[in-house]
Amino acid sequence: MTATTDAAQAELGRARLRKEDARLITGQTNWTDNISLPGMLHMAFARSPVAHAKITGVDLSAARNMPGVIAAFSGADLGAEQGSLPCAWPVTEDIVIPPHPPMAVDEVRYVGEAVAVVVARDRYAAADAAAMVDVDYEPLPPVLDMRAALAEGSPKVHEAGNKSYEWVFAAGDMDAAFAGAPVVVERTYRQQRLIPCAMEPRAVVSQWVGDQVTLWSATQIPHVVRFALSAFFGIPEQDVRVIAPDVGGGFGSKLQFTAEEVLAVLVSRRVGKPVKWTESRSEGNMTVHHGRDQWQRIRIAADADGRIRGLDVDLLADMGAYLMLVTPGIPLLGAFMYPAIYKMDAYSLKCTGVFTTKMPTDAYRGAGRPEATFAIERIMDELAVELGMEPLELRERNWIKHEEFPYTTIAGLTYDSGNYEAATARAKELFGYDELRREQAERNARGDTVRLGIGISTFTEMCGLAPSRVLGSLSYGAGGWEHASIRMLPTGKVEVVTGSSAHGQGHETAWSQIVADQLGVPFEDIRVLHGDTLVSPKGMDTYGSRSLAVGGLALVSACDKVVDKAKVIAAAMLEASPDDLEFAAGRFSVRGDPEAGATIQEIALATFAAHNLPAGVEPSLDSDATYDPDNFSFPHGTHLCATEVDTETGMVTIRSYVAVDDVGVVVNPMIVEGQVHGGIAQGIAQALYEEGVYDDDGNLVTSTLADYLVPSAADLPSYVTDRSVSPAGNRLGVKGVGEAGTIASTPAVVNAIIDAVRPFGINDITMPCTPERVWRAIQTAQDGGAA
């Protein structure tokens, strides 16, 4: 039994200002790079300038003789001590997982791979000395094109070859779906490589005291890092403490167990002093794991009236040089989402993971689901053109109707709730859809040089990465549960300990709102603790839009236990049977006698005093809970984008953008708005601006922010946002929201661009749709070539 406050006082749904912002936006916080310990030294890395080579010698003598240098180590110096970085997701039984030493020993396989580390009294002396490390390389051919990498005779990234795995899924009768289908459309889409760019670069500090080590890291996953240091590097888990202080963004890039974390721990033990490393931005572009990088071949079969019969997807996914923590599983997170919101008779997918001599890929906001949504939403537009149908009409003909929920898709997922009709109707109204279609037709008829395009994305996603049994069936190396603790302090204040580790999401505010409603205590009386494995020893951390849908529900379960304990003590205080008590708005009262009662905060003090507790009742209300959901959560929405494309310059301008999302019950509307706005920005960035590019020798040519275009507010439109509400099938009715904007926006923008230039015969432009690429596509089409 839990409390619910009066509707007028309920915290859920209130746009509370974020508690944490007072320190975050004024700089009064403790980022990892702010940490300074007595006697602390600084690390810098010598990194490979070549994409693929044998290491024939490492000379550290000049580096060791530089002023202020304390020590320098090569990969060979650390030997077996440095072990191999783990991959936690072996997606098939025969997957190839090559050894991945934190520092290369015999061979380098991408530009930026660490070959030596220098330890000095300050970061500048360390960087100067790292530049003096002399490494002899015997060049080997780079492997840069994942398609060519699978060809016979291709140079090998690893001795076992360039193929890591092949994963296959099939449901329904594919032969029947495609044989004799009146319409079959096939397209190939390119998901370019993206480089995460969190506001705070990665940083680590390691300190040993006796046999115990504390690692501060700008990470999303302190609990996973602690486990990995113990399980793979032989440090007893009880001797490892990992602290994620305030972390300045992650977007998946800090969902990683990194070489620098391992080396900080090993080097600080070797030198007997604390050590720190903070990456530069160009270093980060080279060595933060990258995202996306896929080729998608997709075929769709339909009846003449537009009903989808079958979908066939063939993916090539660039793993990069090694498999990092969850690298091979990222494409498979999207494997179950290609059918999206649509009903069909058959579906198959094959994904091939390929090694190249590039920085490894791994999770980046959305992680597999943006790729899937892009492909299905793009080909739905293509199918509509082939059938001569209006693209929204085609979608509505095939999507799951609201009265059909819960619905099990052809991919085997059971969507618990949704209302695609409501979200789309609201989006069309806000967008002025019909009016824009009329304007588009008029401008096309006039032959305007600036063409109007309308893009659609009706999406869903699976998030709240869980449940554990499902993850286990997919060979994932961990569970999907989350842990929470509620501490009732004697003065009636509350400490909430969560295993979810925030890096900008507003957990301290949202968690306070949830607990305030459940316990009936003031929002201001709650403090949320997280990110330190000594304070919060249990947790599965933050990624995959799981914090609220999993961690939030753990809070509710822990609050239930607090109330149950308090009820027994309240009954003794009120001289009533526990069965006669009611709990509402933080107060226990006797049924039929509302004047007789006690607040849960009064009971906390009485429990602390422990003067008159019932026999056998322990003097504590504190409670823990671990929550493992039965299903994922499935937010959805409709995003509509209007672009104007200047056919003479190729310039794309987003004229209007409307997003109507259904994220279930909303805890804090302001936080939701921020998540949606930021997500849309990252999706637009993929559509128009960002691309990680390697040259023919394997050098990353987008290694600085002068070369890798991260859009600013000036490059982005204003958004019109709204919500529909289909409560999820959990206690709070909540769904994830952190990745929704990124998943939905990229196909909406690209569909709008293609819609604008389709009269020229263009059906695809490779992302990012830069002015040059758009202009060239138009020129090629006008010259009679294929685009």
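Student: At about what angle does helix 20 run to strand 18?

Tutor: This is a predicted model, where local features need pLDDT of at least 70, side-chain atom pairs count only at pLDDT 80 or more, and totals for chains, interfaces and linings use all residues. Residues are numbered from 1 along each chain as its sequence is written, and side-chain values use heavy atoms, leaving out hydrogens and water. Helix 20 (residues 740-757) lies across strand 18, strand 26 (636-646) and strand 27; helices (H or I, at least four residues) and strands (E, at least two) are DSSP runs numbered from the N terminus. With axes fitted to C-alpha atoms, for helices over the stretch in contact (heavy atoms within 4.5 Å), and angles from 0 to 180 degrees between N-to-C directions, the angle to strand 18 is about 145°.

Student: Which strands are the edge strands of the open sheet?

Tutor: The open sheet has four strands in the order 18-26-27-28, with mixed pairing. Two strands pair if DSSP finds at least two bridges between them. Each edge strand pairs on one side only, and these are strand 18 (450-460) and strand 28 (720-723).

Student: What is the bridge partner of V660 in strand 28?

Tutor: Strand 27 (residues 652-662) pairs with strand 28 in the parallel sense, over four bridges. In strand 28, the partner of V660 is D722.

Student: At roughly what angle do the axes of helix 16 and helix 17 cross?

Tutor: Helix 16 covers residues 507-519 and helix 17 covers residues 547-574. Their axes come within 10 Å and cross at roughly 35°.
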